[in-house]
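Subject: A structure to look through

Dear colleague,

Below is the structure I promised to hand over, and after it you will find notes on what turned up when I went through it. Please keep the model open while you read, so that you can follow each point in it.

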Amino acid sequence: MKNLICIVCPIGCHLNIDVEDNYKVTGNACPRGEKYGKEELLTPKRVVTSTVKIKGALYERIPVKTNSAIPKEKIFQCMELLNKLELISPVKMGDVVIENIFDLGIDIVTTRDM
Ligand code: SF4
């Protein structure tokens, strides 16, 4: 049995996931908790937030994030790509700086103008 706190909404239900019973989830107050509990144990994903270098702007780095969650095992590779990236000002919030990262259908986007 695994125990997790559901982070899908602020209620924070305490989930119990029975790994020996086809990842049966209990303790969830709604179906989203069941989906979250199973995914978190079977295929965990995270939204990556970071900063990348930018030339000719007010600051030396600009915040970026994935526009959806990526598999946890890809986070290190994602950070390596971001460390090599350098943007040139001006940049608008939401600009795609890396398209379709790792063929996941997910982009890296800026989160502010600069
Ligand atoms: S199980 Fe549903 S109600 Fe409970 S924290 Fe998750 S999303 Fe919120």
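Residues 24 or more positions apart account for 41% of those contacts in the chain that have a separation of 6 or more, where two residues are in contact if their C-beta atoms, placed from the backbone, lie within 7 Å. Before going further, please note that this is a predicted model, in which local features need pLDDT of at least 70 and side-chain atom pairs count only at pLDDT 80 or more, while totals for chains, interfaces and linings use all residues. Residues are numbered from 1 along each chain as its sequence is written.

The overall form

The secondary structure of the chain comes to 2 helices and 10 strands, where helices (H or I, at least four residues) and strands (E, at least two) are DSSP runs numbered from the N terminus. Along the sequence they follow the pattern β-β-β-α-β-β-β-β-α-β-β-β. The radius of gyration of the chain, 18 Å, is well over the 13 Å that the globule rule gives for 114 residues, so the chain is more spread out than a compact globule; the radius is taken over C-alpha atoms, and the rule is 2.2 Å times the number of residues to the power 0.38. Along the principal axes, the C-alpha atoms fill a box of roughly 55 × 25 × 20 Å.

The domain assignment, which is automatic or comes from a database, gives domain 1 (2–43) and domain 2 (49–110). The centres of domain 1 and domain 2, taken over C-alpha atoms, are separated by 30 Å.

The nonpolar cores

Of the 114 residues, 18% count as buried, a word used for a residue with 20 or more other C-beta atoms within 10 Å of its own, whereas 12 or fewer make it exposed and anything in between partly exposed, with C-beta atoms placed from the backbone. A nonpolar core is a set of buried Ala, Val, Leu, Ile, Met, Phe, Trp, Tyr and Cys residues joined through C-beta atoms within 7 Å. The largest one has 9 residues in all, namely Val-52, Ile-54, Ile-62, Val-64, Ile-70, Cys-78, Ile-101, Ile-106 and Ile-108. Strands β5 (49–55) and β6 (61–66) each supply at least two residues of this core. Apart from it lies another core, of 6 residues, among them Cys-13, Leu-15, Ile-17 and Tyr-36.

Ile-62, in strand β6, is buried because it has 23 C-beta neighbours inside 10 Å. Although Ile-62 and Thr-110 are 48 residues apart in sequence, their C-alpha atoms are 7.2 Å apart in space. Leaving out residues up to four places away in sequence, the contacts of Ile-62 include Val-52, Leu-87, Val-91 and Met-114, and, on the same terms, those of Ile-108 include Val-64, Val-97 and Ile-101.

Around the ligand

The residues that surround the ligand are Cys-6, Val-8, Cys-9, Ile-11, Gly-12, Cys-13, Asn-28, Ala-29, Cys-30, Arg-32 and Gly-33, a residue being near a molecule if its C-beta atom, placed from the backbone, lies within 6 Å of it. By class this shell has 7 nonpolar, 3 polar and 1 charged residues, where Ala, Val, Leu, Ile, Met, Phe, Trp, Tyr, Cys and Pro count as nonpolar, Asp, Glu, Lys and Arg as charged, and the others, Gly among them, as polar.

Asn-28, a member of this shell, lies in the loop between β3 and α1 (31–42), and it is buried, with 21 other C-beta atoms within 10 Å. Beyond four places in sequence, Asn-28 touches Cys-6, Cys-13, Leu-15, Gly-33, Glu-34 and Gly-37.

Backbone details

Most residues other than glycine have a negative phi, and most peptide bonds are trans. Here, however, phi is near 55° and positive both for Asn-22 and for Tyr-23. Asn-22 lies in the loop between β2 (14–18) and β3 (24–26) and counts as exposed because it has 7 C-beta neighbours inside 10 Å, whereas Tyr-23, with 16, counts as partly exposed. The peptide bond from Ser-89 to Pro-90 is cis, with omega near 5°, and Pro-90 is found in the loop between β8 (86–88) and β9 (96–98).

With best wishes
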